[in-house]
Every structure is written in structure tokens, then in C-alpha cells.
Amino acid sequence: GNEAGASPVQVDAMVGRYVVVADLGGSYHPARQELQLGTDGAKLAMQLKPAFGTLTVDSDPPGAEVWLDGEPVGKTPWTDARRRSGEHRLRVTRSLYLVHDQPVTVRDGETTRVRPKLTANFGGLRVESDPPGAGIRLDGKATPHATPHTFEALQAGAHVVELERAGYGRTTVRATVTVGR
């Protein structure tokens, strides 16, 4: 029940039976050992087992944001060699891809590898006009492009395309981009 300090420790104590507990905090599991102290003294060596493991996250494609337990921790490929053991919530995100979300378990002294294949969530959009050469605004933002032009990778879903050319006025069209098209 008395704190003796940091290891190595030398304690003067009376002859008798003692329970010694070594605790380094959350990174290692506490160790507990009984000791019979005699008149000759005693030596005690305790091995604390890690309460952490290695977590490695990669993705296909690479360069995705890694979130662990709601906090951003880096980009794939990413490794934490001292991740606290237990259940964690992993989230991998990348622009133009669906979010990958899963539980992951890290075990003491082991390496857990996760490599999600991210699902594309984008498609292409071809914009043409008659006559050609109209300036293109996409979702309210100017682009440096004029018709005809193909946007190769746009988020799947509805988009607003505005075309404008001097002497012809402006027209607005809603377009739906589907995955893979």
C-alpha cells in the first residue's frame, strides 16, 4: 500500500510477506508479485507486459486520411508502433471515394494490419455547346475551361453547370454524374 518510487528501488523493510505491484501507467499492464522478505533481504525483478500493439493502415489507393477514434492521425500508409490495446474506430477518407469505417482491435505486442480498398465515388462529365467556346462555371465556381471540355473526375451526384459566351447570354443546366461514367 506504500509507494516506493521508480525502478530500480531499494527499500528497508521488516521481515515478512509483502505484495509488490509495479505500474508504469497505461502503456504497460501492472505486474504483481508476492515476496517473502527474510533477514538476508531479497531481490525482485518484474517484467511488465505491454498494453499496446502496432497498428498499420494502408489503403488502395494510398494517400487517404486516417482517423482513429474520431481524431485525424495521418495519411496512408500510416503506422503507430505503440497504439493502446483494445477496440478502436478506424475511418479512412479520400476525396472522390466513399468513406471506409470499421472497428479494429489492437492486441498486446501484436501487429494489426488494415488495408481497405476504397470505393470510387466519381465519374466524368462532358460539357459541349453550340457554338463552342462558352465559359464553364461548375457548382457556382468559375473554371478555366471552355466548351467542349470533359471533367474527368467529379464527385458523383448532382452538379450545376453554367455556360456563358459573349453575344449568346448565359444558360444553366443541372447534370447528374454517376460513378464510373
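Colleague: Is Phe52 buried or exposed?
Modeller: This is a predicted model, and the relative accessible area of Phe52 in it comes to 13%. Residues under 20% count as buried. By that cut-off Phe52 is buried.

Colleague: Which residue forms an aromatic pair with Phe52, and is the pair stacked or edge-to-face?
Modeller: Two aromatic pairs are counted in the model. In one of them the ring centres of Phe52 and Tyr28 are 5.6 Å apart, and the planes meet at 85°. Planes over 60 degrees apart count as edge-to-face. The partner is therefore Tyr28, and the pair is edge-to-face.

Colleague: How many residues apart are Tyr28 and Phe52?
Modeller: Tyr28 sits in the loop between strand 1 (16-22) and strand 2 (31-37), while Phe52 belongs to strand 3. At 24% relative accessibility Tyr28 is partly exposed, whereas Phe52 is buried. The pair links distant parts of the chain, and the separation is 24 residues.

Colleague: At what angle do the ring planes of Tyr97 and Phe122 stand?
Modeller: Tyr97 is in the loop between strand 7 and strand 8, and Phe122 is in strand 10, 25 residues apart. Phe122 is partly exposed at 22% relative accessibility. The ring centres of Tyr97 and Phe122 are 5.7 Å apart, and the pair is edge-to-face, with the planes at 70°.

Colleague: Which residue of strand 9 stands opposite Thr54?
Modeller: Strand 3 (residues 52-57) pairs with strand 9 in the parallel sense, over four bridges. Opposite Thr54, the residue in strand 9 is Thr111.

Colleague: What is the bridge partner of Trp67 in strand 7?
Modeller: Strand 4 and strand 7 run antiparallel and are joined by four bridges. Within strand 7, the partner of Trp67 is Arg91.

Colleague: Which elements give two or more residues to the largest nonpolar core?
Modeller: The largest nonpolar core has 12 residues in all, among them Leu55, Val57, Val66, Leu68, Leu90, Val92, Val104 and Val106. The elements that give it two or more residues are strand 3, strand 4 (65-68), strand 7 (86-93) and strand 8 (100-106).

Colleague: With which residues is Leu90 in contact, leaving aside its neighbours within four places in sequence?
Modeller: Leu90 is a member of the largest nonpolar core. Its contacts also include residues such as His100, Asp101 and Gln102.

Colleague: The backbone nitrogen of which residue lies 2.9 Å from a polar atom of the side chain of Thr76?
Modeller: Thr76 is in the loop between strand 5 (71-75) and strand 6, and it is buried, with a relative accessible area of 5%. Among the residues in contact with Thr76 are Val57, Asp58, Pro62, Gly63 and Ala64. The backbone nitrogen at 2.9 Å belongs to Gly63.

Colleague: What is the omega of the cis peptide bond between Thr147 and Pro148?
Modeller: Pro148 is in the loop between strand 12 (141-146) and strand 13 (149-155). Another cis peptide bond joins Asp130 and Pro131, with omega about 5°, and Pro131 lies in the loop between strand 10 (122-127) and strand 11 (135-138). For Thr147 and Pro148, omega is about -5°.

Colleague: What is the phi of Asp139, which is not a glycine?
Modeller: Asp139 is in the loop between strand 11 and strand 12, and at 40% relative accessibility it is partly exposed. Asp69, in the loop between strand 4 and strand 5, also has a positive phi, of about 55°. For Asp139, phi is positive, at about 55°.

Terms used
Residues numbered from 1 in each chain as written. Predicted model: local features only at pLDDT ≥ 70, side-chain atom pairs only at ≥ 80, totals over all residues. Heavy atoms only, no water. Pairing = 2+ DSSP bridges. Core = buried A, V, L, I, M, F, W, Y, C linked by side-chain atoms within 4.5 Å. Buried < 20%, exposed > 50% of the residue type's maximum accessible area, 1.4 Å probe, protein only. Contact = heavy atoms within 4.5 Å. Polar contact = N/O pair within 3.5 Å; in protein donor to acceptor, adjacent residues only side chain to side chain. Phe/Tyr/Trp six-rings, centres within 6.5 Å; stacked < 30°, edge-to-face > 60°.
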